[in-house]
Amino acid sequence: MFKFLAVALVIGLASASPVDDRLIVGGFETTIEEQPWQVSLQVRSSHNCGGSIIGNEWVLTAAHCASSSGSYSVRVGSSRHASGGSIIKVKKVYQHEKYNPSITDFDFSLLELAEPLTFGNAIKSIALPNEDIKIADGIDALVSGWGATHNSSESNAVLRAAYVPIANQEYCDEQYRKSSGRPITDQMICAGYEQGGKDSCQGDSGGPLSIENDGARVVIGVVSWGRGCAQPSYPGVYGRVSSVRPWIRSISGI
């Protein structure tokens with residue numbers, strides 16, 4: 001069974017609406033001060049997905065989390081998705097025009113906020129990668145969110161995070177093609193342990209996968225899809241941010 005990381009029942013393959021629910025499996029509790037770019041994307045005042053602040057009026061999330069026909073808000077500046085911080089309405093959603101829900105390709109949406117954010121210890125933007133960034137296999141990346149944990153002692157009410165290694169692209173493609181026929185495209189990047197155990201999961205969709213680069217934390221991935229959560233031989237699949245860097249710049253100016 002494939003997972004989508006938006007909050008809801010885990011049912012089959014990704015669809016155009018946020019019906020899957022990813023959460024951090026095998027991770028640790030963190031705080032918004034440690035991940036100040038993290039937002040909770042909300043629908044009708046309930047957590048639906050994650051997202052990353054990339055500018056004082058812009059949030060990056062997954063296309064399967066937000067479409068131009070929806071009505072959304074984001075909670076910023078809080079370690080909890082259901083309380084604290086501030087709620088900011090989303091003025092406009094820019095879903096990538098090449099988004100393909102059948103294979104979850106180009107799984108990116110930009111959210112233009114209705115009012116600018118005031119940056120501080122709990123609200124900051126995360127750096128974007130260069131288009132030509134090289135990301136080595138095995139490098140540790142950090143994923144965060146309020147998704148499912150698969151452990152009753154680990155609450156997803158508070159922000160959680162996990163370190164997962166970047167997986168080899170060819171290996172990831174081979175695993176998913178032979179099990180489902182789904183390709184890993186150039187707009188995707190995989191991360192996770194071959195033996196499983198740590199992963200993003202339902203409810204984490206749209207959130208950041210980041211690395212340290214030149215002393216700054218850079219968002220290289222957007223939580224997108226995968227087979228189950230933390231299953232052996234199936235790394236989590238993320239939207240590769242560098243692949244759509246010109247698109248982000250053309251819309252947001254960032």
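Here is a tour, stop by stop, of what to select and what is there.

Before you click, know that this is a predicted model: local features need pLDDT of at least 70, side-chain atom pairs count only at pLDDT 80 or more, and totals for chains, interfaces and linings use all residues. Residues are numbered from 1 along each chain as its sequence is written, and side-chain values use heavy atoms, with hydrogens and water left out.

**Stop 1: the barrel**

Switch to cartoon view. Six strands close into a barrel in the order S3-S4-S5-S8-S7-S6, with antiparallel pairing. From one strand to the next, the twist averages 45°. Strands here are DSSP runs of E with at least two residues, helices are runs of H or I with at least four residues, and both are numbered from the N terminus. Two strands pair if DSSP finds at least two bridges between them.

Now pick out S3 (residues 38-43) and S4 (residues 46-55): they pair in the antiparallel sense over six bridges. Click Leu 41 and look across to Cys 49 in S4, which stands opposite.

**Stop 2: an aromatic pair**

The whole structure has four aromatic pairs. Select Trp 58 and Tyr 94: their ring centres are 5.8 Å apart and their planes sit at 45°, so this pair is tilted. The pair links distant parts of the chain, with Trp 58 in strand S5 (residues 58-61) and Tyr 94 in strand S7, 36 residues apart. For the rules: rings of Phe, Tyr and Trp (its six-membered ring) pair if their centres lie within 6.5 Å, and planes under 30 degrees apart count as stacked, over 60 as edge-to-face and the rest as tilted.

Buried means under 20% relative accessible area, exposed means over 50%, and partly exposed is in between (1.4 Å probe, protein chains only).

**Stop 3: around Arg 182**

Next, select Tyr 176, Trp 225 and Tyr 234, which form one aromatic cluster.

What else does the Arg 182 side chain touch? A polar contact of 2.3 Å joins it to the side chain of Thr 104. (A polar contact is a pair of N or O atoms within 3.5 Å; within protein, one must be able to donate a hydrogen and the other to accept it, and residues adjacent in sequence count only if both atoms are side-chain atoms.) Thr 104 lies in the loop between S7 (86-95) and S8, and is buried at 1%.

**Stop 4: salt bridges**

How many salt bridges are there? The structure holds four, each a side-chain nitrogen of Lys or Arg within 4 Å of a carboxyl oxygen of Asp or Glu.

- Zoom to Asp 173 and Arg 177, bridged at 2.8 Å, N to O. Asp 173 and Arg 177 are four residues apart in helix H1 (residues 169-180), so about one helical turn separates them.
- Select Arg 217 and Glu 212, whose closest N and O atoms are 3.4 Å apart. Arg 217 is buried at 15%, whereas Glu 212 is partly exposed at 46%.

Technical notes
Axes fitted to C-alpha atoms, helices over the stretch in contact; angles between N-to-C directions.
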